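Visitor: Hi! I'd like to learn about the charged pairs in a protein. Could you walk me through one?

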Amino acid sequence: MSPPRRRLWPFRSSRSGAILDTVLRTRHQRRHRLRKLQAAVEGSTGSKASSAQTNGHQGGISQGDDNTRQQDLFEKLPDDILHRIHSVLPVRDAACAACMSRAFLRSWRCYSKLILDDHALRLTHIESEERKAYVIDKIDKILKNHRDNGVKVESLNLTLTPCNNIKASYLDRWLRRTVKSGFKELYLEMPLYMKKIYNFPCSVLSDEGAASSIQSLDLLSHCAFHPTSALGCLRSLKILKLSLVHITDEGLEHLLSKFSNLEELSICACTGIVCLKIPSTMQHLKFLRVTRCEILCKMPRVVEIDAPNLCSFHYNSSLPEVHVRNCSQLKHVKLSSPCLPSRALFYARTSLPSIARNVESLILDSCCENANTPMLQSKLPHLKNLEIGLSSLGCFGSSYDVLSLVSFLDASPALESFILRLKDDAMARCPVVGDDDECPRRKVDLWHNRLRQVTITGFCSAKSLVELTVHILESTHSLECLTLDTSYGGYDRRMMVYGIIGKCPNSRKIGQCWPMGKRAVEEAHRAVKTDGRCIAGRVPLAVQFEVLGPCSRCHTGNQ
């Protein structure tokens, strides 16, 4: 594979940047020294020319000894060390280094990490009807060049999204050429449109050498995965991600039986799974994520987890029947339910104390909660960090009382941080605090002696929200920081636009404030007045208190 044209990339890691800076600096210094010598030769005649040439040559050598040694630093390195340095560089930086150094150019021809996506293959400059033929020809040449040179591919990122209806025979051929003994990582992203569902060739993992060396398998595609008895033992596989993949309960059970060291399992919008079972044989599994696509598939109705060392569990779907055994190590849980109504908060309060009693970090995201959080005797004794997100999408009504979230606070005696994020006018239909209203005091039943930081984003003048804030102030003697942000975007008010972060002078951090409409800006100003009337006077002097009103530059009401 020939190196691309020279291009200086503005964003590099510190390690790769230091290596490239050394290569670029020494190359520039060498060219400058040669131009100086040439000028000295051409500008002299006779004995003066000879003398000038001699003196210039000697001066150049004496001044350039250090530069020459720096240039020879990479040229004289053993190939194995040079390949090792080159292998830790991102592919763009590795290609740039190959343009700057002959040593790295030799290493580039043996580069074992291939990223073949639309950017690397320059598909943006190819007409859509010509892309398929271009991609097939380009990938064939790249893989053939590696095979002919005896280069083993360790990592393959194959992104074929812009190229529709590629024949399965090409994909099978590319996978068989690369997935060999020593192969470690595969990322396959299929085209958006295929005439026939692609069947992933499990036979490529039947070879004992390939099966024992692969460490990461990531399939993002409309394809089918049907493990067979020929599938080898994937003893080195640590990461498995299946997205938009059709696999049955039996197929997944057979696949999981081949793992002995899997640490991360992610299943996203996979069809064919009715009962998700994580067996006790997965002793090293630490992270489990299950998400769904509401339109494309149905999620498991039952989830059974028996992984003794599971630390993190993320679930994003309609909440199923969950059975967790050996849950002593389960410390981090995230539950999101986009279904209407979601009842995520109700589910978490009633079920988590029995299935994840030792949880320390809990994130809940509810789309339309239609029942108040019940007050129960069950506890989450180790919970330290709690984050709750509420969004309405136009249907979050006044039937839910935000003050009922006190149930989570009372159930968490070790709680240190509480974040409440209100999104998309979540409380637009809730009664508000009037100009003459005073926030009533609520009888404090339990004291929160460890709660130190409280943040509420999307703060408004809803009566139940103001009552919740007052209750926290009056029942928490350990409180150190209280932040009320009237915007919906979050505490830091940052938003990335096409990978570029702008800086707003009135924003506390680098970033652009989350957009707010005219109605939201008016409510934000009303919330600031409500805070001054009902909350500010109750804040102890020792508490760092901050109210973030609308940004004068970003929140103009024109979004």
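Predicted model: local features only at pLDDT ≥ 70, side-chain atom pairs only at ≥ 80, totals over all residues.

Visitor: Is Arg421 buried, exposed or partly exposed, and what is its relative accessible area?
Guide: Arg421 is partly exposed, with a relative accessible area of 21%.

Visitor: While we're on strand β15, which strand holds Ser391?
Guide: Ser391 has its place in strand β15.

Visitor: Is Ser391 buried or exposed?
Guide: Ser391 counts as buried, because its relative accessibility is 10% and the cut-off for buried is under 20%.

Visitor: How far is the C-alpha atom of Ser391 from that of Asp365?
Guide: Those two C-alpha atoms are separated by 8.0 Å, and the residues are 26 apart along the chain.

Visitor: Back to salt bridges. How many does the structure hold?
Guide: There are 13 salt bridges in the structure.

Visitor: Okay, pick a helix for me. Where do Glu523 and Arg526 lie?
Guide: Both are in helix α13, which covers residues 518-534. Glu523 and Arg526 are three residues apart, about one turn of the helix.

Visitor: How far apart are the closest N and O atoms of Glu523 and Arg526?
Guide: They are 2.3 Å apart, and the two residues form a salt bridge.

Visitor: What about accessibility: is Glu523 buried or exposed?
Guide: Glu523 is buried, with a relative accessible area of 16%. Arg526, on the other hand, is partly exposed at 39%.

Visitor: Which residues do salt bridges with shared partners join into one network?
Guide: That would be Asp140, Arg173 and Arg177.

Visitor: One last pair, please. Which residue forms a salt bridge with Asp148?
Guide: Asp148 pairs with Arg147, and the closest N and O atoms there are 3.8 Å apart.

Visitor: Why does that count as a salt bridge?
Guide: A side-chain nitrogen of Lys or Arg has to be within 4 Å of a carboxyl oxygen of Asp or Glu, and this pair has its closest N and O atoms at 3.8 Å.

Visitor: What are the relative accessibilities of Asp148 and Arg147?
Guide: Asp148 has 48% and counts as partly exposed. Arg147 is partly exposed as well, with 47%.

Note on methods. Residues numbered from 1 in each chain as written. Heavy atoms only, no water. Buried < 20%, exposed > 50% of the residue type's maximum accessible area, 1.4 Å probe, protein only. Helix = DSSP H or I, 4+ residues; strand = E, 2+ residues; numbered from the N terminus.
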